[in-house]
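Q: Could we go through this structure together? I would like to begin with its cavities and then turn to a few residues.

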Amino acid sequence: MINTVAISEDIHFVGVNDRETHLFENLWPLDKGVSYNAYLIKDEKIAVIDTVKSTKMDAFVEKIESIIGNRPVDYLIINHMEPDHSGAIKAVKEKYPDVTIVGNKKTFEFLESFYGKMKNYYIIEDEDVLDLGKHQLKFYLTPMVHWPETMMTYEMTEKVLFSADAFGGFGTLDGGVFDDEVNLEFYTDEIRRYYSNIVGKYGAMVQKALKKLTTADIDINVIAPTHGPVWRSNPSCIIDYYDRWSKSETEEGVVIVYGSMYGNTQKMADFIARKLAEKGIKNIRIYDASKTHVSYIISDIWRFKGVILGSCAYNTGLFPAMETVIHKIENSQLKNRYLGIFGTASWSGGGVSNLDKFAERMKWQQVGESIEAKSSPKEEEFKGCVAIAQEMAQRLIEERED
Ligand code: FEO
């Protein structure tokens with residue numbers, strides 16, 4: 001028996017779970033796996049929307065077959081060409097040789113560069129409509145969310161938005177597929193980790209895509225992304241998150257990240273955190289950059305307004321694990337944070353001084369003075385840590401709504 005999930009009488013989820021891959025894009029830990037979502041519309045014409053990673057193509061084709069039997073697939077719509085979604089195009093083409101592949105001009109540039117020339121292309125323009133019979137599909141180009149060819153497909157009768165990577169996240173779909181069938185706290189964390197690490201750099205383009213959907217004035221009953229839960233009960237919830245994250249809007253809280261060889265910089269991190277708690281800050285996350293993967297750290301930095309970075313000096317520079325953190329923050333072009341800086345140095349500097357240079361480049365508002373202890377923190381440095389915590393807490397508390 002094949003597991004398929006109906007979104008409506010004619011629209012089906014034909015996605016698959018991946019619990020085997022360790023790293024998404026060979027970079028981002030998949031501790032909780034990932035789903036590659038694809039969809040099928042059964043009408044006078046049959047359309048499949050997106051595919052899955054190549055390692056999962058057999059399960060995907062089996063699902064399609066279990067719904068449509070001997071009928072052929074007429075259209076294969078490609079919203080996004082990254083291989084976690086385009087990896088089974090060839091398999092679909094082999095099984096259904098007459099299928100027409102639907103995409104925009106850039107889709108086919110990618111298609112040919114990844115997989116070579118294929119037959120039967122249908123090149124759509126922004127807001128073109130494809131008629132399947134009872135269902136009509138309208139296409140919205142949403143470039144750079146997060147690749148140049150990305151687009152969304154809107155099913156006009158049942159008002160389902162097939163949104164590609166937008167609104168999706170890590171985490172397999174373990175039984176529950178819809179937002180009302182799962183624990184959203186778990187998925188919200190994994191969606192924010194996906195957003196902040198994969199899509200977040202393109203916040204301006206996310207805003208543009210959201211504005212395009214608003215201007216089009218379409219009702220959205222269901223959001224069907226290419227990863228994570230399908231939003232049928234409360235699609236506005238995930239739209240709101242995307243709106244806030246792409247505008248760098250934050251919650252009250254502080255992320256303290258440190259790199260420490262022998263525990264002295266760590267001691268300062270714990271001290272600052274305690275002072276923040278004494279001042280009434282409840283959301284405080286401390287991360288050892290050597291232990292926690294940067295993707296989890298970035299996800300929390302995306303969430304909270306306060307960031308406090310600490311580093312020991314290492315071979316006249318920043319501690320290597322902290323270099324990874326600041327590189328990722330800069331690459332994401334994250335804006336609008338309060339920043340505190342601390343660290344230690346023994347026989348050379350390089351930790352705090354490089355964090356200071358990072359602060360200059362980011363133009364975030366710094367709280368307190370940067371504090372550098374010689375080998376281990378003493379009374380004077382602890383006073384500096386208090387000042388950082390106090391000013392951070394004060395600024396955050398001032399922003400609280402009445
Ligand atoms: Fe889910 Fe951009 O690939």
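Predicted model: local features only at pLDDT ≥ 70, side-chain atom pairs only at ≥ 80, totals over all residues.

Q: What volume does the largest cavity have?
A: Its volume is about 60 Å³.

Q: And which residues line the largest cavity?
A: The lining consists of T188, R192, Y241, R244, W245, E249, T250, E251, W302 and R303. By type, they divide into 3 nonpolar, 2 polar and 5 charged residues.

Q: Which helices each supply at least two residues of that lining?
A: These are α5 (184-199), α7 (235-246) and α9 (294-303). Helix α7 gives the most to the lining of the largest cavity, with 3 residues.

Q: Now the other one: how much space lies in the second largest cavity?
A: The second largest cavity holds about 40 Å³ of space.

Q: What lines the second largest cavity?
A: Its lining is made up of V145, M152, A166, F167, V206, A209, L210, L213 and Y242. Helix α6 (residues 203-216) provides the largest share of this lining, 4 residues.

Q: Changing topic, where is H85 found?
A: H85 belongs to helix α2, which covers residues 83-86.

Q: Why does H85 count as buried?
A: H85 counts as buried because its relative accessibility is 0%, and buried means under 20% relative accessible area.

Q: With which side chain does the side chain of H85 make a polar contact?
A: The partner is the side chain of D165, at 3.0 Å.

Q: Which residues is H85 in contact with, leaving aside its neighbours within four places in sequence?
A: They are D50, T51, V52, H80, D165, T226 and H227.

Q: One last topic: which residues of strand β23 are on the covered face, and which on the uncovered one?
A: In β23 (residues 371-374), I371 and A373 form the covered face, while E372 and K374 form the uncovered one.

Q: How many bridges join β21 to β23, and do the strands run parallel or antiparallel?
A: Strand β21 (residues 338-345) is joined to β23 by 4 bridges, and the two strands run parallel.

Q: Which residue in β23 is the bridge partner of T344?
A: The bridge partner of T344 is A373, a residue on the covered face of β23.

How values were computed. Residues numbered from 1 in each chain as written. Heavy atoms only, no water. 1 Å grid on protein atoms, 1.4 Å probe; cavity = no way out; pocket = protein on both sides within 12 Å on 5 of 7 lines; lining within 4 Å. Points joined across faces, edges and corners; volume = space filled by probe spheres on them. Nonpolar A, V, L, I, M, F, W, Y, C, P; charged D, E, K, R; others polar. Buried < 20%, exposed > 50% of the residue type's maximum accessible area, 1.4 Å probe, protein only. Polar contact = N/O pair within 3.5 Å; in protein donor to acceptor, adjacent residues only side chain to side chain. Contact = heavy atoms within 4.5 Å. Pairing = 2+ DSSP bridges.
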